[in-house]
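I opened my notebook to look through one protein chain. I wanted to go from the whole chain down to single residues.

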Amino acid sequence: MESIARISSFLDSARELTLDAAAAARSSRSSSTRPIDKNQVKKLLDSRNEREVLDGLRRVLAMMGRSQKTLPLFSSVVKNVASTNIEIKKLVYIYLLHHAESDPDLALLSINTIQKSLSDQNPQVRALALRTMSGIRVPVISQIVSLAIKKGAGDMSAYVRRAAALAIPKCYRLDPSQLPQLLDYLSTLLGDKQYYVAGAAVTTFLEICPDRIDLIHKHYRSLTKMIVDMDEWSQIATLRLMAVYARKCFPRRTKTVKSNKAVDLNDFYGEGSDNTSEGEQVVALDPDLVLLLNSIKPLLQSRNAGVVVAVSRCYAAIGTADYVKLAIGPLISLLRGSQDAQQLALFNIVSICLEYAAEFVRHARHFSVQATDTQPVWELKLEILTLIFPHATPHIKSLVLTELEHFSRGSDKTLVQEAVRAIGRCAQSDTATAPRCLRLLLSQITSLDGTLAAESLTVIRHLIQQDPSAHVATVVRLAKNLDSATDPQARATIIWLVGEFSGLGGEDNIAADVLRILLKDFASESEIAKRQILLLGAKVYLHYLNRQMEQDQQNESNGEVKAPIKLLEDDDHPVAKLWRYVLLLVRYDTSYDLRDRARLYKSLLGVPQLATLMLLAPKPAPQAPSPSETRKGYTLGSAALVLAGDAGLHGVKGYEDLPNWVEEGREPDPKLRHVEPIGRPDSRSRVGSVVPAAQSLDAAAAARPGSGGGRGGKSNGFGGGGGGEKTLDDWLAEDDSITVKKAVGIGAEEEEEEDESEEEEETTEEDEEEEEDDEDDEEEEEEEEEEEEEEDDSDAEEDARLMKG
């Protein structure tokens, strides 16, 4: 009969599934052809058939998805909240959350029914009711929501407790005055033994009271151990919390470690050595901090990129260099994802590479630019290649320069500029490869691509300024290529370099001749080139004046007559004539800025000493830092790290940096993080919940002095070990032994009052009787073991026969 009933139930469930599928298919076909009739939907909602009500609710949600008005159906929908069907309850709760704020009066009518659902036998119904009640944004019910959270925090189901943890922020937003009670519930949920409840509690903690670190002390170690089992979003929240907690509770200590220096064999007795040498300073981590850093190590293998970045943030913010090195490989593995994931991963990789560039050398092949890479991706890859360049081997350096040379000859102007700038950064960071980089750039100044030539000359100018005396021949070569340079910026750069070297060699310098050639076609030059020609003329004439002054001083020292000072108009020297010609050309130029500059230089050259300070002052060598230097110091994984260049002076709004390390001596007492004894009741009992029976038995067993595994005595009279779990027979036997001992104790007191000698005789007799009982118990136990072995043998024989059959 039972089999027939089961078959009939299977058939009924299959029939219901078939009808549901047919209704869903019919509704999907009809929804695309004609709009839903509200009167028909209302009729379905008022039906007594659950299937029709469910169909009507699905139609209502479909109308909500199409932004159609469903508020007139509010009363018809909400009255189904008392249905026993969980599917109907879910749909009604979804509708209620969407429209409760629009019609709070009708929503309040359903609160009583939702409160009744908090006591339902199904934990899903209880959790759904709690989620719905907290989601109804009506401030009047804040007290009711607080009581519901209190009840849910002590629920036997972890699913309901998790819903209670997620409902706390909603209640806080409804009524901030409920914060003291909510913090009490939150403290209870933070200590929950279920990892998914504790993870939701951490998320709530960061939302309503991120500064209350005192609530975390007693739960620190349990959260650290559970973080591996939490869901991915809870892991990210917990890692964020732990980073802040470590900064506020663990001071940064250092200790001295003796450095392993090479032993001098000639100084056997150490007479000539200095034994007072100082050791190396290393970071000494707190044991609880080491527990955290080691506990999150498995999360580096997470499939969620956010979790990997969060672990890397913890290692970079509160760990040491050894821990940061562990995160490099997992971060690079994120480059196998989509373009967006690659870009975010590269931002974090660059931030770490600024401090630990040498650790990325063996991963250099992962940063090769691909044809499918977007502009932000290949920009970051080129930057990483330049950061690891000075730490790489000669073979890798050659490969990097070859790749940069290839991209500098491409068709994408932006990529060409970035590749040339990367070559310049490589030359500045590694002086050994600077000649090769310079030759590579000089070969590109004759390119027909003006962008490539201009960018190459800019980088060449930066390299020449690093060591001007060693690049005189380079400037002469650039001057010879001046006729082939067509880009205005490129020509201006070459003219400026010639002007910087116009004082070398005295009158044998090429600057005056270059100026003469440029003045032939001055009118057709661009304005930026005209400015540099004017500056070149001023510098050439100033050097001429300085040489004249030096010659006059030398003549005075030799006793010769000082020559009279010649005015510019009376001087017939070729350099003076060139300067006069420059002033005439500029006087009739259309650019007022150029005319103003000419008047300024002319007045300034009237005082050669002042002009020397202004025009011939030594220029500092320009540095080309990494583009991500502006992002240095931002927390890994933050939006400010990605938007640092475009966020303005004050950064991204809402960004909060990690707190500074707590000073030594001001950290909280480490005893606050000690775990409570196992025998204490569960923390959920503090919110008024009933402690489960199994939990009470476990607590009693742990608190009983004879229950530990350290004693070798028998737990009951049958020779069982004291270290295993107790069965029901063990508990009953132990209770009987306790009552016997009490009875024996009472009899002993009465006998002691009568006669002490009789007491000794009776105790000896009792000991003999107990020994006899123990012997009988041992014999019975041996017989039971023999019977169990025989039964096992018979079961094995039956299994063998069945297998053969």
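**Entry 1: the whole chain**

I noted at the outset that this is a predicted model. I looked up the secondary structure and found 34 helices and two strands in the protein chain. Next I checked burial. Of the 805 residues in the chain, 41% are buried. I then looked up the surface. Its accessible area comes to about 46,200 Å². Carbon and sulfur atoms account for 51% of that surface.

How much of the contact list comes from residues 24 or more positions apart? I took the contacts with a separation of 6 or more, and such residues account for 66% of them.

**Entry 2: cysteines**

I reminded myself that a disulfide is a covalent bond between the sulfur atoms of two cysteines. I searched the whole structure and the count of disulfides was zero. Then I looked at two cysteines. Cys-209 has 6% relative accessibility, so it counts as buried. Cys-314 is at 0%, so it is buried as well.

**Entry 3: Ser-76**

I found Ser-76 in helix α4, which covers residues 74–78. Is Ser-76 buried or exposed? Its relative accessible area is 3%, and the cut-off for buried is under 20%, so Ser-76 is buried.

I then asked which residues Ser-76 touches, leaving aside neighbours within four places in sequence. I listed Lys-42, Leu-45 and Asp-46. With Lys-42 there is also a polar contact between the side chains, at 2.8 Å.

**Entry 4: a nonpolar patch**

I moved to the surface. Val-607, Leu-610, Leu-613 and Met-614 form a nonpolar patch there. Together they have about 410 Å² of accessible area. I picked out Met-614, which sits in helix α30 (residues 608–615). Its relative accessible area is 56%, and exposed means over 50%, so Met-614 is exposed.

**Entry 5: Lys-619**

Where is Lys-619? I found it in the loop between α30 and α31 (639–642). Lys-619 is partly exposed, with a relative accessible area of 34%.

I looked up its side chain next. The side chain of Lys-619 reaches the backbone oxygen of Leu-615 at 3.1 Å. It also reaches the backbone oxygen of Ala-617, at 3.3 Å.

Setting aside neighbours within four places in sequence, I listed Gln-465, Glu-500 and Lys-539 as contacts of Lys-619. I followed up on Glu-500. Lys-619 and Glu-500 are 119 residues apart along the chain, and their C-alpha atoms are separated by 9.4 Å.

How values were computed. Residues are numbered from 1 along each chain as its sequence is written. This is a predicted model: local features need pLDDT of at least 70, side-chain atom pairs count only at pLDDT 80 or more; totals for chains, interfaces and linings use all residues. Side-chain values use heavy atoms; hydrogens and water are left out. A disulfide is a pair of cysteine sulfur atoms within 2.5 Å. Buried means under 20% relative accessible area, exposed over 50%, partly exposed in between (1.4 Å probe, protein chains only). Helices (H or I, at least four residues) and strands (E, at least two) are DSSP runs, numbered from the N terminus. A polar contact is a pair of N or O atoms within 3.5 Å; within protein, one must be able to donate a hydrogen and the other to accept it, and residues adjacent in sequence count only if both atoms are side-chain atoms. Contact means heavy atoms within 4.5 Å. Patches are made of residues with over 30% relative accessible area and no salt bridge: like charges are joined within 9 Å, nonpolar side chains (Val, Leu, Ile, Met, Phe, Trp, Tyr) within 5 Å. Accessible areas come from the Shrake-Rupley method with a 1.4 Å probe; for residues, only the protein chains shown count as cover. A salt bridge is a side-chain nitrogen of Lys or Arg within 4 Å of a carboxyl oxygen of Asp or Glu.
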